[in-house]
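Please keep the sequence and the model side by side while reading.

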Amino acid sequence: MYRLGVDVGGTNTDAVLIDDDLKVIASCKTPTTSDIYTGILSAIDTVLSNSQIDTKKIKQAMLGTTQCTNAIVERKNLADIGILRIGAPASNAIEPMLDWPEDLKSIAKEVSTISGGFEYDGKLLNSFDRQAAIDFFERCKAQGIKSVAISCVFSSVRDDHEVEAAELASEILGENAHISLSSKIGSMGLIERENATILNASLYKVSASFTTGFADSLAEFGIDNAEIYFSQNDGTLMNASLARKYPILTIACGPTNSIRGASYLSNLNNAIVVDVGGTTADIGVLQNGFPRESGVAVTVGGIRTNFRMPDVISFGLGGGSIVREKNGVVTVGPDSVGYQISEKALVFGGDTITATDIAVRLGLADIGDKSRVAHIDEKFARDAMECMVQKVEDGIDSMKVNNNDIDVVIVGGGSVILPRNIKGATNIFKPGNFSVANAIGSAISKVSGSCEKIVSYDEIPREEAIEKAKSEAIELAVASGAIRESVEIIDVEDIPLQYHSNNTCRVKVKAAGNLG
């Protein structure tokens, strides 16, 4: 049995083929194409040609894709949606999408705020206005809206009203309607949770496109009996059904794929991972084998949200970063020749000095025609290298939680530009197959289940509440395809909530296991 892992990055689309022992038997990097699928087809074709295996023996195929991120950033292929907030009159002061970019607001064809919602401690804030909800969904139906975002005040404490509204939506809009509930997507804050839910609702056509598109791409090569999974941004996988339901969870899965791949290749569970691509570098933290999650609100496409995201910083440094000298100061990036590096970099016969040219000039890499960079002044090259290293060292320092040095794993095709001596690192690891760590991370990832609840420890003892959350997380992981015997608890949090009575805490448990 083989696994096929594919990761679509901004510059390259990577693919790997892995056997039963999780050994990489074939890999490739191909340029990412504007339509994405041409690049995916090319990558699959190359890796299959290199391996010469029987495609019927590929039983699992995984894809990490940037399509949801691109759709939001480029405002393309987003669906027209309806937005229902349950929380009047308490939440009337701030209307939905108040601070959104004007060009994105146009996706909302029907918006309404109706009575309902709960207090922070779960007490009823106002009765759910069932008739107003019915009227809202009838208006959506009349306009042909197929996707709705439903949010409710403190639905992370009690989701009763959201669930009742969802049942009405399904009755009126039909079973095929795409219904996004904020309690399933975001955390405590209403506005940020509602924003994430609206984005999720608007991505349903994109998710349908990449789930069916990947299946069709595989079928073209005779891979028609493989289980298909998609990378999500906590370093685990979800099946096509969940990917269509929660497409927003695929945002930022590229860096988390690299972090998981770096963990597998280096055999480390705790380290800082530096992933250098063609245009940007991402730095994240490997914590107990998985990417560390961000603890603060994150902005996606100019919109403040509070759904789960990895704690990753990105900056403009990659193999294609353009190197310049102005007023005696050498700079690197943030602009890049990107996917045109094979045409524009000096070592490939181009006319632009890139970070890769500097690495070749200083003997760090053996790429292209070395004679074409021999004329670069050594001091200029060393100043450029110092600039690159300084950016990485600053990034590593910003991710640490103390002043101690820490193991650093360097991966990504562009990482050839970095030396082995970086301040702040105990050891530098650059494992084999480092250039396709993201595709490897996609292929070897586990499937997970998460349970997050607001619990009063005065009503349910702490130990009992956590054990119950663990059981639910395990069952969710198994339901997603994990082998029960392999499922383990990988993270447990219980955080006291300010301003809440009755010793109230947010309990969050994540479990993950191997695919069958």
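P334 is placed in strand β18, residues 329-336; here helices (H or I, at least four residues) and strands (E, at least two) are DSSP runs, numbered from the N terminus. This is a predicted model, in which local features need pLDDT of at least 70 and side-chain atom pairs count only at pLDDT 80 or more, while totals for chains, interfaces and linings use all residues. Residues are numbered from 1 along each chain as its sequence is written, and side-chain values use heavy atoms, with hydrogens and water left out.

The bond between G333 and P334 is a cis peptide bond, with omega about 5 degrees. A cis peptide bond also joins A88 and P89, where omega is about 0 degrees. P89 lies in a loop, the one between β5 and α3 (102-105). Most residues other than glycine have a negative phi, and most peptide bonds are trans.

Two asparagines have a positive phi. For N327 the value is near 55 degrees, positive in a residue other than glycine. N327 sits in the loop between β17 (321-326) and β18. Is N327 buried or exposed? Its relative accessibility is 76%, so N327 counts as exposed; buried means under 20% relative accessible area, exposed over 50%, and partly exposed in between (1.4 Å probe, protein chains only). N267 has a phi near 60 degrees, again positive in a residue other than glycine. The loop that holds N267 runs between α9 (253-266) and β11 (271-276). N267 counts as exposed because its relative accessibility is 70%.

Among the buried residues of α9 are C253, I259, R260 and L265. From its first C-alpha to its last, α9 reaches 20 Å, close to the 20 Å expected at 1.5 Å a residue. The expected span of a helix is 1.5 Å times one less than its number of residues.

Now turn to an open sheet. Its four strands have the order β6-β5-β7-β8, with parallel pairing; two strands pair if DSSP finds at least two bridges between them. At the edges are β6 (108-115) and β8 (178-181), each of which pairs on one side only. From one strand to the next the twist averages 15 degrees. Strands β5 (residues 81-88) and β7 (residues 147-152) are joined in the parallel sense by six bridges. Which residue of β7 is the bridge partner of I81? The partner is S147. Helix α6 (residues 190-202) packs on the sheet and touches β5, β7 and β8, and its direction makes about 165 degrees with that of β7. Contact means heavy atoms within 4.5 Å, and axes are lines fitted to C-alpha atoms, for helices over the stretch in contact, with angles running from 0 to 180 degrees between N-to-C directions.

Helix α4 (residues 130-142) has 13 residues and spans 19 Å from first C-alpha to last, close to the expected 18 Å. Its buried residues are A132, A133, F136, F137 and C140. They cover an arc of only 135 degrees around the axis, which means that they lie on the same side of α4; the arc is that of the directions from the helix axis to the C-beta atoms. The buried residues of α4 pack against β5, β6, β7 and α5 (160-173). After α4 comes G144, with a positive phi near 75 degrees.

Another set of strands involves β9. Strand β4 (residues 58-64) and strand β9 (residues 227-231) run parallel and are joined by four bridges, with L63 opposite F230. β9 pairs with β10 (residues 237-239) in the antiparallel sense over three bridges, and Y229 stands opposite N239. β9 and β10 form a hairpin with five residues between them, and G235 in the turn has a positive phi of about 85 degrees.

Last come the nonpolar cores. A nonpolar core is a set of buried Ala, Val, Leu, Ile, Met, Phe, Trp, Tyr and Cys residues joined through side-chain atoms within 4.5 Å. The largest has 56 residues, and L4, I44 and I248 have the most contacts inside it. Helix α1 (residues 37-51) gives the largest share of this core, six residues. A second, separate core of 39 residues includes L317, I358, V373 and L418.
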